[in-house]
Amino acid sequence: MKKDNLYLLTLLAISVIVFIIGYFSMNYMVKVSTNQFLEIQIESSKREAREFAELVASQLANGTDRDTVVKNIQKSIEGTDIETGFVCMFDWSGVEICHPDPQKIGQKAIPNESYVRSLDDEINSEDFYNLLTSKKQQGGIREFPDEDSGSEIIYLYPVRNSDWIIAAHANLVKIEKQIDSLKFNFLLVYLLSSATIVLLCLLIVRFLGSYYEKALETKNERLAEEVLSLSKLNSDLNSYRDRVNKKIEDENEGETVDGEGSVKIKNRLLTYSKDKLVSIKVEEIAFITTENSVTWISCLDGKKYTSNSSLDELYNSLDPMLFFRANRQYIISVKGMDEILRYGNNQLKIILNPDSGNAIIIGKNKASEFKKWLNM
């Protein structure tokens with residue numbers, strides 16, 4: 001897949017996830033915030049109704065005549081119907097005595113035209129929210145015929161020692177405008193934050209993608225170099241094996257002396273197979289190992305023999321052109337090596353034929369020596 005297509009699909013996937021989650025989160029936050037706003041509005045209206053009722057009751061108790069009280073109340077509330085909440089006063093027959101709109105004074109309030117349920121069962125913010133959003137009867141709110149009413153009574157409080165009732169109204173038009181403004185602000189924040197998140201995610205994906213692409217390219221370059229190096233090693237192994245085979249063909253059986261005449265190089269080794277003493281040619285040896293203080297000699301044909309000599313003693317008597325001391329446990333023959341692999345950090349793994357049963361690891365300290373040995 002091309003990088004441009006990958007980035008496009010990544011952008012689309014992140015956008016879908018962010019906008020879906022953000023959309024439901026926004027709706028939830030709008031509902032919670034609106035409920036809190038309506039709860040405050042309801043509590044404020046109830047408190048205002050109680051305070052007005054107490055104020056009217058105290059004026060009546062102080063001997064103020066009813067007409068003067070009505071004039072004072074009308075003067076204080078006139079024009080307040082443009083606010084989110086306001087109060088009015090009517091008598092027990094439902095006739096409006098005081099109202100922010102003077103034209104409504106003297107009219108009769110019809111209970112079915114309001115959303116209020118009863119004096120003892122007060123409206124709550126959840127019912128009020130459902131009422132505003134669906135314009136239908138909700139949670140015990142009684143039926144109403146006028147769905148386009150601009151304000152509705154949400155709380156009633158009687159005035160002591162009178163036949164008057166203070167009614168707290170909610171200005172639905174004003175409240176709906178504030179809710180719409182709240183929704184718009186949430187939507188704006190949602191769109192801006194979602195777009196910012198998507199953009200930042202895309203930039204981060206591109207940055208991380210570029211970083212890992214460079215790292216991958218560097219790794220691939222190192223890997224290519226290692227492949228070439230291993231290919232060269234295996235090529236050197238084959239060339240070296242050919243030279244060794246040619247040398248063996250040119251030599252006669254028996255012991256020879258190295259160039260300095262100090263160390264005898266054996267062409268045969270005396271070994272044991274069970275209780276029999278067996279002499280084997282060194283060019284038939286694949287590898288020599290030690291296990292539990294026993295020296296084992298494995299030949300190219302898969303046969304195994306034991307020796308009374310240690311690895312050090314055997315290695316000193318073997319042709320250094322044919323054998324290499326891989327580590328403390330193994331002496332390997334160039335004829336027994338099948339393949340060279342990279343292992344760990346600057347280490348080499350030797351595959352033998354026949355299989356040794358254990359991994360033959362040449363440490364990084366001896367790896368350079370091994371490479372020089374193959375290029376002798």
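Reader: What makes β1 and β2 a hairpin, and what is the phi of G94 in the turn?

Author: This is a predicted model. In it, β1 and β2 form a hairpin with four residues between them. G94, in the turn, has a positive phi of about 95 degrees.

Reader: How do you know that β1 and β2 pair, and in which sense?

Author: Pairing requires at least two bridges between the strands. β1 and β2 (residues 96–98) have two bridges, so they meet this requirement, and the sense is antiparallel. Within this pair, M89 stands opposite C98.

Reader: Which strand do seven bridges join to β1?

Author: That strand is β4 (residues 164–171), and the two run antiparallel.

Reader: Why is S162 called buried?

Author: The relative accessible area of S162 is 19%, and buried means under 20%, so S162 counts as buried. S162 is found in the loop between β3 (151–158) and β4. Leaving aside neighbours within four places in sequence, S162 is in contact with L60, R66 and W92.

Reader: Why does L352 count as buried?

Author: L352 has 6% relative accessibility, and the cut-off is under 20%, so the term applies. L352 lies in strand β15 (residues 347–352). Beyond residues up to four places away in sequence, L352 touches F287, I332, G336, M337, D338 and I360. L352 and F287 are 65 residues apart along the chain, while their C-alpha atoms are separated by 8.1 Å.

Reader: How do you know that the buried residues of α6 are on the same side of the helix?

Author: The buried residues of α6 (residues 364–374) are A367, F370, W373 and L374. They cover an arc of only 120 degrees around the axis, which puts them on the same side of α6. On the other side, N365 and K372 are exposed.

Reader: Which residues of the largest nonpolar core touch the most other members?

Author: Of its 39 residues, these are I332, M337, I340, I350 and F370. Helix α4 (residues 172–250) gives the most to this core, with six residues. A second, separate core of 26 residues includes V69, M89, C98 and L172. In soluble globular proteins, nonpolar side chains tend to be buried together.

Reader: What does I340 touch, not counting residues up to four places away in sequence?

Author: The contacts of I340 include L230, L233, L237, F370 and L374, and also N234 and K349.

Reader: What is the mean pLDDT of the protein, and where is the pLDDT below 50?

Author: The mean pLDDT is 80, and 83% of the residues reach 70 or more. Over residues 115–120 the pLDDT is below 50, although this stretch has 22 contacts in the model beyond near neighbours in sequence. Residues 139–145 also have pLDDT below 50, with 27 such contacts.

Definitions and conventions:
Residues are numbered from 1 along each chain as its sequence is written. Side-chain values use heavy atoms; hydrogens and water are left out. A nonpolar core is a set of buried Ala, Val, Leu, Ile, Met, Phe, Trp, Tyr and Cys residues joined through side-chain atoms within 4.5 Å. Buried means under 20% relative accessible area, exposed over 50%, partly exposed in between (1.4 Å probe, protein chains only). Contact means heavy atoms within 4.5 Å. The arc is that of the directions from the helix axis to the C-beta atoms. pLDDT is the predictor's confidence in each residue, from 0 to 100.
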